[in-house]
Amino acid sequence: MAQSDILLMKGNEAIAHAAIRCGCDGYFGYPITPQSEILETLASEKPWETTGMVVLQAESEVASINMLYGGGGAGKRVMTSSSSPGIALMQEGITYLAGAEIPALIVNVQRGGPGLGTIQPSQGDYFQATRGGGNGDYQVIVLAPASVQEMADFVDKAFTLAFRYRIPVMILADGIIGQMMEKVVLPPFKPRRTEEEIRRDCPWATIGRTPDRKPNILTSLELRPEAMEQHNLHLQAKYRDIEACEVLYEEEQTADARYLIVAFGSAARIAQKAIDIMRGQDIAVGLLRPVTLWPFPTERVRQLSTQMKGILSFEINAGQMVQDIRLAVEGRTRVAHYGKMGGIVPTPDEVITAMHTEFTEL
Amino acid sequence: MTQEIIISGFGGQGVLSMGKILAYSALMEGKEVSWMPAYGPEQRGGTANVTVIVSDERISSPIVSTFDTAVILNQPSLDRFESTVKPGGTLIYDGYGISQPPRRTDITVYRIDAMDAAAELGNAKGFNMIVLGALLKVHPLVRIDNVLQALRKTLPERHHHLLPANEEALRKGMSIIEQQ
């Protein structure tokens with residue numbers, strides 16, 4: 001790879017560039033710190049003049065998410081981005097997308113809550129993302145990038161998954177990954193799909209006049225309970241497929257580990273440094289980084305738990321993913337949580353102190 | 001080799017830009033870099049700081065609690081970061097407006113009067129490049145010609161006529177350290 005292909009940019013900027021390059025048809029969003037650079041970068045890049053991608057500053061987050069319903073329903077690769085309180089506003093739209101099985105990409109660059117909270121980084125939306133803040137039995141696929149490179153790489157991955165399963169996909173980042181600059185190699189250019197390609201690939205899409213078939217209707221409303229039950233069973237079967245096929249995680253130094261830190265996104269980066277320091281002190285500790293938060297790497301956590309004397313869930317929140325870890329571990333070993341809230345980001349040293357506090361034999 | 005650097009001062013002094021130029025120059029030399037700003041409702045006169053890590057190896061945490069080098073451009077930054085320099089580390093500070101100079105004796109301290117030097121050059125906006133020149137004289141993390149190349153690549157073309165003034169400021173910063 002040529003040196004000139006390596007760029008230095010913020011995670012937010014990387015998302016915007018990657019969207020243009022991976023054939024995104026439309027972005028609809030409303031500014032909010034710490035992710036406004038996504039909309040700003042798209043506005044300055046003017047992709048409507050090159051790829052034809054639409055970039056629209058909507059009147060609100062509620063409008064944005066419903067524009068995804070329309071665009072995604074027409075088989076277009078559409079996305080929005082916001083930060084925690086803005087994503088909270090979108091929850092109704094997200095459950096409608098899930099119910100109507102409309103593919104879409106939602107980026108959440110998290111900040112501290114609850115409420116309007118703070119503009120500083122947090123991972124307090126794990127529950128909102130993995131459990132769903134909207135109503136009904138639904139899931140969205142949740143990808144947790146831990147670097148600027150993954151911010152770029154996950155855009156195309158998210159669209160691929162969204163269309164493969166007709167499901168909303170969320171990239172769950174946070175203020176650290178959004179604001180930091182690192183090296184990044186942007187994905188190669190890929191054209192937007194043509195109308196013919198959409199017609200071929202998305203036979204369910206509402207693409208206007210279709211004389212050769214019955215009209216498609218995309219709705220989450222079904223008043224007949226029997227039909228609604230069948231729809232729910234279909235959705236649940238789809239979710240089981242995703243759980244079986246799409247779990248992603250990374251491990252570091254787990255082979256001989258007797259202690260495990262589980263961390264995602266920016267917390268995983270902080271944990272890496274803590275683990276490097278502890279390894280230097282002959283503490284056999286490793287890292288499991290869930291890349292998909294839903295589907296969660298339940299089976300891998302279960303396998304690893306049999307060799308561990310203790311597991312620390314390190315999250316920048318009050319303890320949310322730790323519940324998924326405990327469900328996987330089923331009491332086989334000790335599971336503790338460490339985290340901070342309110343936009344305070346723990347340092348590697350504090351993670352090490354937490355390990356010693358929770359596992360006093362270390 | 002890994003250098004964990006904090007650059008801290010007032011908003012408007014060019015703290016974030018200086019960090020970006022440093023990171024970009026290091027990237028051009030094939031090094032690993034991270035640039036993590038303290039972001040917020042920043043404004044001219046408020047506080048601004050950025051953590052820049054330059055390394056030959058993969059960078060794990062972009063957020064650290066102690067630093068190899070602190071570049072300090074005002075009193076509140078000195079108060080906050082003097083204690084975070086690792087023993088044996090380096091602290092470079094601009095003397096302007098500093099009423100309580102650093103007291104650590106287990107680190108190497110350089111005072112540079114970059115604000116005065118910028119005035120001398122008639123280039124107030126060159127302040128951050130004077131500071132960067134001083135930093136690079138103390139720690140030759142990247143070559144000066146790569147810094148100039150980085151400036152060329154990151155500055156919009158309409159500002160390219162300022163490149164000679166930036167080079168002059170960088171060299172001024174280096175000479176301040178040389179004379180100590």
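Notes on the model

1. Orientation first. Axes are lines fitted to C-alpha atoms, for helices over the stretch in contact, and angles run from 0 to 180 degrees between N-to-C directions. Helices (H or I, at least four residues) and strands (E, at least two) are DSSP runs, numbered from the N terminus.

2. Basis and confidence. This is a predicted model, in which local features need pLDDT of at least 70 and side-chain atom pairs count only at pLDDT 80 or more, while totals for chains, interfaces and linings use all residues. Residues are numbered from 1 along each chain as its sequence is written, and chains are lettered from A and ligands numbered from 1 in the order in which they are written. The scores are ipTM 0.94 and pTM 0.96. Chain B has a mean pLDDT of 94, with 99% of its residues at 70 or more; pLDDT is the predictor's confidence in each residue, from 0 to 100.

3. The contact behind point 1. The crossing of helix 1 and helix 4 of chain B is right-handed (left-handed if the near helix is turned anticlockwise from the far one by less than a right angle, right-handed if clockwise). On the helix 1 side stand B:Ser17, B:Met18, B:Ile21 and B:Leu22, and they meet B:Asn128, B:Val131 and B:Leu132 of helix 4. Contact here requires C-beta atoms, placed from the backbone, to lie within 7 Å. By class, this contact has 5 nonpolar, 2 polar and no charged residues. Ala, Val, Leu, Ile, Met, Phe, Trp, Tyr, Cys and Pro count as nonpolar, Asp, Glu, Lys and Arg as charged, and the others, Gly among them, as polar.

4. Helix 5 (residues 144–154) and helix 6 (residues 163–178) of chain B pack at about 145°, with axes 11 Å apart, and their crossing is right-handed. Helix 5 contributes B:Ile144, B:Val147, B:Leu148, B:Leu151 and B:Arg152, and helix 6 contributes B:Leu163, B:Asn166, B:Glu167 and B:Leu170. These residues divide into 6 nonpolar, 1 polar and 2 charged.

5. An open, mixed sheet of 8 strands runs in the order 1(A)-8(A)-2(B)-3(B)-1(B)-4(B)-5(B)-6(B); strands pair if DSSP finds at least two bridges between them. Its edge strands are strand 1 of chain A and strand 6 (108–112) of chain B, each pairing on one side only. The twist averages 25° from one strand to the next. Where do the chains join within this sheet? Strand 8 of chain A and strand 2 (residues 32–37) of chain B run antiparallel and are joined by 2 bridges, and A:Glu182 has B:Ser34 as its bridge partner.

6. Strand 5 (residues 85–94) and strand 6 of chain B run parallel, with 5 bridges between them. B:Tyr93 stands opposite B:Arg111 in strand 6 of chain B.

7. The interface. In total, 19 residues of chain A are in contact with 17 residues of chain B. The largest share of the chain A side, 5 residues, comes from helix 11 of chain A. That side has 10 nonpolar, 3 polar and 6 charged residues.

8. The chain A sheet. Here 7 strands form an open, mixed sheet in the order 3-2-4-5-7-6-12. Strand 3 (54–57) and strand 12 (292–294) of chain A are at the edges, each with a single partner strand, so one side of each lacks a neighbour in the sheet.

9. Backbone points to check. The peptide bond from A:Thr33 to A:Pro34 is cis, with omega near 5°, and the bond from A:Gly113 to A:Pro114 is cis, with omega near 0°. A:Lys46 has a positive phi, near 50°, and is placed in the loop between helix 2 and strand 3 of chain A.

Note on methods:
Contact = placed C-beta atoms within 7 Å.
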